[in-house]
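Q: I have a model open here and would like to talk through some of its side-chain contacts. Could we go over it together?

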Amino acid sequence: MNHRLDGADAPYWQGLEQGRLLLPRCAHCARWAWPAGHRCAACGHIGVVWEERPLKATLYSWTRTWHRFGMTESLDVPYVSIVAEVADCGVRLMGRMDDPAPADPRIGEALTGRIDATLVGDDRIPAIIWSRTA
Amino acid sequence: MTSHPLYGTTAVAGVGLRQFKRGAAPLPERSLLVEAILDACAEAGLDPAEVDGFVSYGDDKNEPVRLMPDLGTRRLSYSAAVWGGGGGGIAGAFGVAAAAILSGQASAVIVFRALAEGASGRMSAAVMAHHLNDHLLAAGLVAPAQMCAIRAQRLFEHHGVNPALVEDLVRASYHHGRTNPEAVAYGQDFDIETLRTSRWIAEPFRLYDCSRENDGAGALLLVSAERARDLAKPPVYLLGCAQGAEAGWGDLMENDADDLYATGGFRAVARDLYTQTGLSPADIDCVQLYENFDAQGVMSLIDHGFCTYENAAEVIRFDNLIAQGGALPVNTAGGNLAQGFIHGIGLPIEAVRQLRGESANPVAGARTCLLAGGPGAPTVSSAIFANAVL
């Protein structure tokens with residue numbers, strides 16, 4: 001876990017551990033900034049604030065993985081990975097999705113997320129699992 | 001005619017390629033590379049000890065200084081690599097090499113890539129290791145195929161490009177590979193059903209949508225245009241080269257600008273390349289197109305101005321993509337899919353052979369060849385070669 005506290009996105013990981021989605025925005029011009037960085041290139045300000053966002057998103061794109069790639073051993077194949085555009089901030093996050101099989105995911109559909117984890121080796125990485133909004 | 005300093009001022013004077021089945025190379029990786037370099041120098045009639053510069057890309061593990069004992073290098077004066085773990089930097093490597101020559105930092109530069117599973121492991125894993133982080137791991141995304149699949153899905157589902165288009169690109173690649181004795185597909189009749197029935201890797205990609213790795217090494221010798229004219233082979237000139245990324249593209253954890261997301265990342269690079277050379281897509285006689293995955297090849301053709309999302313189906317047609325009469329011959333040795341995949345180094349080698357008239361699938365009257373680097377990489381690059389300074 002500790003290596004996740006080394007980067008500029010440490011508050012994101014800490015947030016997920018505490019059951020909250022926190023995303024960074026410029027402390028001056030309030031522009032959302034992801035991946036997390038150090039300086040806002042739009043206004044030149046250094047420093048971000050982290051704000052909680054609800055786990056609501058739209059599906060930006062997706063893939064359903066069938067091949068057993070190394071490091072995915074904890075996931076049953078096939079499984080669906082997606083890019084989710086978080087509501088009202090435009091930030092896109094990579095995540096997993098409950099497979100709607102036999103139907104396919106649909107770009108643009110509304111998603112609701114829950115916080116779980118992906119096991120990679122001995123490491124439990126916090127993960128957002130999205131599903132179709134009922 | 002343009003006065004850009006890169007235009008026609010350096011040239012490839014020799015090429016060497018050693019390719020084997022993945023995991024089956026008869027020599028260590030560095031030895032394969034040495035042989036490819038010796039071949040390139042032999043073609044040119046240049047003493048390998050005179051090579052004083054080396055440029056690679058894609059996290060190649062063969063640090064040039066270690067080649068010196070085998071090559072008899074008298075003075076290593078330039079070694080560099082284009083940043084990035086994928087094949088995005090392959091064309092940019094020629095720009096780096098040319099810059100070294102034109103600025104007097106080196107006079108005979110080898111552009112190379114070597115890869116043998118025993119030494120470097122699986123290339124896909126190495127490429128991914130360059131990028132891997134916990135955001136990707138948490139999403140179950142660990143391979144280039146998956147990352148490119150997500151972009152391809154958006155190309156097809158959101159932008160409405162017909163997914164069946166990729167079949168024409170794959171068929172053209174195998175058509176060319178079939179007659180190339182060096183190709184993995186040599187002598188094989190490819191049935192498109194092979195693709196359609198191959199197993200899913202990551203939707204929308206099946207196995208045959210993906211390039212499959214080979215062991216091997218490739219080397220190209222770049223010298224000044226003036227010096228090339230005194231060497232054994234007809235010069236193949238570098239006319240231009242551009243690399244990098246524009247704002248809204250890059251290593252952004254899928255937060256690329258919306259209008260760039262389902263591209264190969266080349267729009268700015270292609271624009272710069274055409275501006276630099278004064279050429280346009282209509283001036284390109286053939287294309288060596290890096291296709292890590294077939295859909296990314298389609299994106300790359302779109303980025304380079306050969307077609308659009310809307311009219312891609314009119315241009316990306318089997319008959320149009322083959323050397324025998326096509327207006328846009330692509331991957332005339334078979335490309336990464338059907339010639340073989342040593343992180344793309346076979347592509348510039350075919351560009352050179354095509355422009356010398358040595359291709360297994362000659363394009364009648366070809367004067368120019370575009371080399372498009374690995375699409376979808378954060379840093380991408382492209383170059384144009386020609387057999388005359390137009």
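A: What follows is a short exchange about aromatic pairs, charges over rings, one threonine and one annotated span in this predicted model.

Q: How many aromatic pairs does the structure hold over all chains?
A: Counting over all chains, there are nine aromatic pairs. One of them joins Y12(A) and W13(A) in an edge-to-face arrangement, with 5.0 Å from centre to centre and 75° between the planes.

Q: And are Y12(A) and W13(A) buried or exposed?
A: Y12(A) has a relative accessible area of 4% and is therefore buried, the cut-off being under 20%. W13(A) is buried as well, with a relative accessible area of 2%.

Q: OK, which residues do ring pairs link into a cluster there?
A: The cluster consists of Y12(A), W13(A) and W34(A), linked by ring pairs. W13(A) also has R4(A) lying over its face, at 5.6 Å from the ring centre.

Q: Switching to chain B, what sort of aromatic pair do Y174(B) and F190(B) form?
A: Y174(B) and F190(B) are stacked, with their ring centres 3.9 Å apart and an angle of 10° between the planes. That pair links distant parts of the chain, since Y174(B) belongs to helix α8 (residues 165-178) of chain B while F190(B) is in the loop between α8 and α9 (192-197), 16 residues apart.

Q: How do Y174(B) and F190(B) count in terms of relative accessibility?
A: Y174(B) counts as buried at 5% relative accessibility, whereas F190(B), at 22%, counts as partly exposed.

Q: Which ring does the charged end of R212(B) sit over?
A: The charged end of R212(B) sits over the ring of Y208(B), at 4.3 Å from the centre of that ring.

Q: New topic: where does T275(B) lie?
A: T275(B) is part of helix α11, which spans residues 267-277 of chain B. With a relative accessible area of 63%, T275(B) is exposed, because the cut-off for that label is over 50%.

Q: Which backbone oxygen lies 2.8 Å from a polar atom of its side chain?
A: The backbone oxygen is that of R271(B), and the polar atom belongs to the side chain of T275(B). Separately, T275(B) and T2(B) are 9.2 Å apart in space, C-alpha to C-alpha, although 273 residues separate them in sequence.

Q: Last one, what does the UniProt annotation cover on chain A?
A: The unreviewed UniProt entry annotates residues 50-109 of chain A as "domain: ChsH2 C-terminal OB-fold". In the model, residues 50-109 of chain A are 0% helix and 47% strand, and their end C-alpha atoms lie 26 Å apart.

Definitions and conventions: Residues are numbered from 1 along each chain as its sequence is written. Chains are lettered from A and ligands numbered from 1 in the order in which they are written. This is a predicted model: local features need pLDDT of at least 70, side-chain atom pairs count only at pLDDT 80 or more; totals for chains, interfaces and linings use all residues. Side-chain values use heavy atoms; hydrogens and water are left out. Helices (H or I, at least four residues) and strands (E, at least two) are DSSP runs, numbered from the N terminus. Buried means under 20% relative accessible area, exposed over 50%, partly exposed in between (1.4 Å probe, protein chains only). A polar contact is a pair of N or O atoms within 3.5 Å; within protein, one must be able to donate a hydrogen and the other to accept it, and residues adjacent in sequence count only if both atoms are side-chain atoms. Rings of Phe, Tyr and Trp (its six-membered ring) pair if their centres lie within 6.5 Å; planes under 30 degrees apart count as stacked, over 60 as edge-to-face and the rest as tilted. A charge sits over a ring if NZ of Lys or CZ of Arg is within 6 Å of the ring centre and within 35 degrees of the ring normal. UniProt positions are given in the numbering used here, feature names are shortened, and annotations may be inferred rather than shown by experiment.
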